[in-house]
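Hi everyone, thanks for coming. Today I'd like to walk you through one model, step by step. Have a look at it first, and then we'll talk.

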Amino acid sequence: MTPFDRSLREGFSLLRRHGGADPMPALREAAFARFAELGLPTTESEDWKYTSLAALAEMDFVPAEAKADIAEELLQGLWTPPVDGSIQVVFVDGHHRPELSSPAWSSGGSFIGSLRAALAHNRDLVARELARHADFRRDALTALNTAFIEDGAFIHLPAGAAPQSPIHLLFLSTASRGATLSHPRNLIVAGRGSQATVVETYAGPPEATYFTNAVTEVVLDEGARLDHYKLQQESERAFHIALLQVSHGRDSRFNSHSLALGATLARNDVRALFAAEGSECTLNGLYMADGKQHLDNRTLIDHKSPRCTSRELYKGVLDGHSRGVFSGRVLVREDAQKTDARQINKNLLLSEGAVVDTKPQLEIFADDVKCAHGAAVGELDEDALFYLRSRGLGREAARSLLTYAFASEMVDLIPLAPLRTRVRELVTSRLPDRESLREAA
Amino acid sequence: MTDPMLRIRNLRARVADKEILRGIDLEVGAGEVHAIMGPNGSGKSTLAQVLAGRETYAVTEGEVLYQGQDLLALSPEERAVAGVFMAFQYPVEIPGVGNLYFLRTALNAVRKRRGEEELDAMDFLAFAREKMKLVAMDESFTGRSVNEGFSGGEKKRNEIFQMAVLDPRLAILDETDSGLDIDALRIVANGVNSLRSPDRAMIVITHYQRLLEYVVPDRVHVMDNGRIARSGDRRLALELEEKGYALVQEPPAARSGGETRR
Ligand SMILES: Nc1ncnc2c1ncn2[C@@H]1O[C@H](COP(=O)(O)OP(=O)(O)OP(=O)(O)O)[C@@H](O)[C@H]1O
Ligand SMILES: [Mg+2]
């Protein structure tokens, strides 16, 4: 048994013991049993070919305090509400912290708050969707998350609801008593014709070691529209594994922007299922790694129904001895006529030591479809570098500017202006000559 | 005696094992305009690029003094801030980098070095507008990425615009006249002429006598096979126009020898 397995077992029996009021013991037990069968994936498995969890298996995690202190600076640095009245739900080490959050928001049947609170008050609504979309039988880390569900965000938008402000879900880790492990579990249920913008931010103090294993389920009813942003800014020693599972109802739209900057090892899965006709999804991603970071991005777009459109653009910037992975699968099933799918992955390698594995996969079983995909790996253009330098820009400034130009395409795709500014700052803060880039855009 | 603006002595440069510049000697004084002509592949752009600091080319011999200082010891950006400017034969497209932002960053690097105050976005815009008039460049270019989607002629004008903004001491224009229509040629030539000054030197690389009617050179040099095969005054350009490069070319037998020099 690995140290990781041991700490899981201890953690699970602890949960069982104080779980007298546990609203879903059966789900928990089934998921834990499934995890025990599957075990932590190894690189033998096709899904984890490029990402080894061996370092994680050696980790010994301690249970987090329920009320760990959180440094004010950390909070401040992470989020300034971009829009007046923005709705913020904060979790520290997986526990909801009402005192740091906006008051639970419920108006006209909408609910924005913690999953635990929702389970207590509106159990049926949660139970109807929770764990129905992210399949724990298939995926060990999802099983693990499901077994350890304690809290997370629950957003319910009834038909036609459209909160004006973005909803910010902030997940902080403190690692206050040693390496901690949290399993945030989020559920977003968007009713007919509803609309919202949700931002998930994951972060922790510099140099802290911890493991975040998050699952977010998104259920879109007919005509619903969700803009989803994920800002992964975990500490440089953290492990981060997450699944975003989206089920599209008819004529629904989902836009995802994933920004992966932090963690020593991160794996971000996004899966969209077109369960009914006429929907659209856009998956955008930017991953920027240096040092020894390993950032794995995995996407699946399942065109199960006709007349759906998917657009995917992921870009990677890899420096130092980092490694990036993009593995994107677009599956066009037999019935999915009139599918329009496009997938692109582009990578910029900034150093000799950086590596990227890119694996775009297009599997088409329908005949009347429009599909394209492509992948590229390149370095900074020497001619462009020389051009900039010949006009007086220093080498680092020129490299930073060209790198920014590559990444900024993803920033410019963010429609929400305050968020775009925020993401631009995050992106430039990763470049060597950030000073000179302040006004680049 | 004061140093000339530029003094090149026995400059040799190569790419991999191919020698491209095979012993260049050239002196350009302040206030002078020199034209360099010569057949395709004779090494004109290579000379321009070596002067601007392109690392693709290894200098194997010789020296280059710019205002008395060792130019070859400087990085491309150090040369730029010291006042060297090269207008590219093939200006590079840089998607995602704003034309004006880039130029302001460049100008501020130069100004800092000269001990002048940096310009903020507003002041720079006013200043840049002035200079754009010089090359009749449309305002719409300010909002675009560096050279991206510019036509051939627009790229060349952009080079002259950049030169006007950066105000160099030594300007090397590599075929800035190629690909320009008749009007644009006149505009660019006027731009160049207006930048002619006693404290600036210019090297104008061209294939066409036509440009030299507008920008009258003090000296004309003809490169062939990595060397300056002949130098003269502006009449040399006219003579070339008439007789072609056979005028300067070594007979084929001598070319492979590599050591013969007239
Ligand atoms: N990076 C390089 N790698 C290999 N060969 C090169 C390189 N740069 C230049 N050359 C070669 O060196 C020679 C001189 O090239 P250069 O571009 O300097 O000629 P040029 O005189 O400017 O010609 P043109 O009038 O066509 O612009 C050519 O044979 C060219 O192919
Ligand atoms: Mg040339």
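Let me begin with a term we'll need: a polar contact is a pair of N or O atoms within 3.5 Å, and within protein one of them must be able to donate a hydrogen and the other to accept it. Please keep in mind that what you see is a predicted model.

With that term in hand, how many residue pairs are in polar contact between chain A and chain B? There are nine, counting pairs with both residues at pLDDT 80 or more. Which parts of chain A supply the side that touches chain B? Helix H8 (382-389), helix H9 (395-412) and helix H11 (434-437) of chain A each give at least two residues. H8(A) provides the largest share, seven residues. Sorted by kind, the residues on that side of chain A are ten nonpolar, five polar and seven charged.

Now let's step back to the whole interface. Chain A brings 22 residues to the contact, and chain B brings 33 residues. The area buried between the two chains is about 2,100 Å², with carbon and sulfur atoms giving 63% of it. On the chain A side, A:Phe386, A:Tyr387 and A:Arg391 lose the most area to chain B, together 39% of what that side buries.

Four salt bridges are counted between chain A and chain B. Here is one to find on your screen: the side chains of B:Arg54 and A:Asp383 meet in a salt bridge, 2.8 Å from N to O.

A:Asp383 takes us back to the start of H8(A), where a side-chain oxygen of A:Asp381 comes within 3.1 Å of the backbone nitrogen of A:Asp383. Is H8(A) largely enclosed or largely open? It is largely enclosed by the rest of the structure, because six of its eight residues are buried. Among them are A:Phe386 and A:Tyr387.

B:Ser45, at 23%, counts as partly exposed.

Note on methods: Residues are numbered from 1 along each chain as its sequence is written. Chains are lettered from A and ligands numbered from 1 in the order in which they are written. This is a predicted model: local features need pLDDT of at least 70, side-chain atom pairs count only at pLDDT 80 or more; totals for chains, interfaces and linings use all residues. Side-chain values use heavy atoms; hydrogens and water are left out. Contact means heavy atoms within 4.5 Å. Buried area is the accessible area (1.4 Å probe) that two parts lose on being put together, summed over both. Helices (H or I, at least four residues) and strands (E, at least two) are DSSP runs, numbered from the N terminus. Ala, Val, Leu, Ile, Met, Phe, Trp, Tyr, Cys and Pro count as nonpolar, Asp, Glu, Lys and Arg as charged, and the others, Gly among them, as polar. Buried means under 20% relative accessible area, exposed over 50%, partly exposed in between (1.4 Å probe, protein chains only).
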